[in-house]
Amino acid sequence: MKREEEDQAWMQQAIEEARKAELIGEVPIGAVVVKNGEIIGRGYNLRETKHDPTAHAEMVAIREACEHLGAWRLLDCTLYVTLEPCPMCAGAIVQSRVKRVVYGTEDPKAGCAGTLMNLLQEPRFNHETELTSGILRPECASLLTEFFRKLRNKNKP
């Protein structure tokens with residue numbers, strides 16, 4: 001299987017995580033951490049549910065992957081996430097030494113994997129991450145667009 005096909009298959013798993021968030025009224029963002037062809041961490045947005053500003057999909061998936069490995073270093077792991085990581089998540093990705101990040105759609109308000117800045121490939125940090133963007137972009141973007149459209153319509157008088 002070519003790398004792009006593999007990326008699309010894993011991104012589908014991240015999209016499934018995002019759908020779990022949507023079902024409970026959370027912003028639909030999902031993530032999976034993959035090592036040696038196996039998902040070792042899954043996460044979806046839980047900020048509202050847990051009343052926790054750090055409960056982003058990436059953070060949840062990173063914590064689960066670290067628990068799975070019994071280590072804080074996620075060397076040789078790839079993180080797939082439906083939305084470009086924010087500064088907090090980009091920091092956690094660098095700190096956990098994730099080898100590669102693949103994201104679906106850009107985040108014009110908080111994206112720190114190239115949109116506003118690129119913390120994942122900042123040479124002054126002690127770790128730089130390989131980066132691939134735009135995998136299943138239309139699907140990832142429409143999850144968010146539809147979610148916010150429904151929310152706006154629901155809140156109309």
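## Helix packing, cores and an aromatic pair

The axes of H3 and H4 come within 9 Å of each other and cross at roughly 20°; axes here are lines fitted to C-alpha atoms, for helices over the stretch in contact, with angles running from 0 to 180 degrees between N-to-C directions. The two helices, H3 and H4, are therefore roughly parallel (angles under 35 degrees count as such). On the H3 side, Glu58, Met59 and Ile62 make the contact, meeting Met88, Cys89, Ala92 and Ile93 of H4 (contact means heavy atoms within 4.5 Å).

A word on the source: this is a predicted model, where local features need pLDDT of at least 70, side-chain atom pairs count only at pLDDT 80 or more, and totals for chains, interfaces and linings use all residues. Residues are numbered from 1 along each chain as its sequence is written, and side-chain values use heavy atoms, leaving out hydrogens and water.

The largest nonpolar core has 30 residues, and Ile29, Val33, Leu74, Leu79, Ile93 and Leu120 touch the most other members (a core is a set of buried Ala, Val, Leu, Ile, Met, Phe, Trp, Tyr and Cys residues joined through side-chain atoms within 4.5 Å). H3 gives the largest share of this core, six residues. A second, separate core of 14 residues includes Ile15, Ile39, Val102 and Ile135.

Finally, there is one aromatic pair in the structure. The ring centres of Phe147 and Phe148 lie 5.2 Å apart with planes at 85°, so the pair is edge-to-face (centres within 6.5 Å, planes over 60 degrees apart). The table gives the burial of both residues (buried is under 20% relative accessible area, exposed over 50%, partly exposed in between, with a 1.4 Å probe and protein chains only).

| Residue | Relative accessible area |
|---|---|
| Phe147 | 11%, buried |
| Phe148 | 34%, partly exposed |

Technical notes: Rings of Phe, Tyr and Trp (its six-membered ring) pair if their centres lie within 6.5 Å; planes under 30 degrees apart count as stacked, over 60 as edge-to-face and the rest as tilted. Helices (H or I, at least four residues) and strands (E, at least two) are DSSP runs, numbered from the N terminus. Angles under 35 degrees count as roughly parallel, over 145 as roughly antiparallel, 65 to 115 as roughly perpendicular and the rest as oblique.
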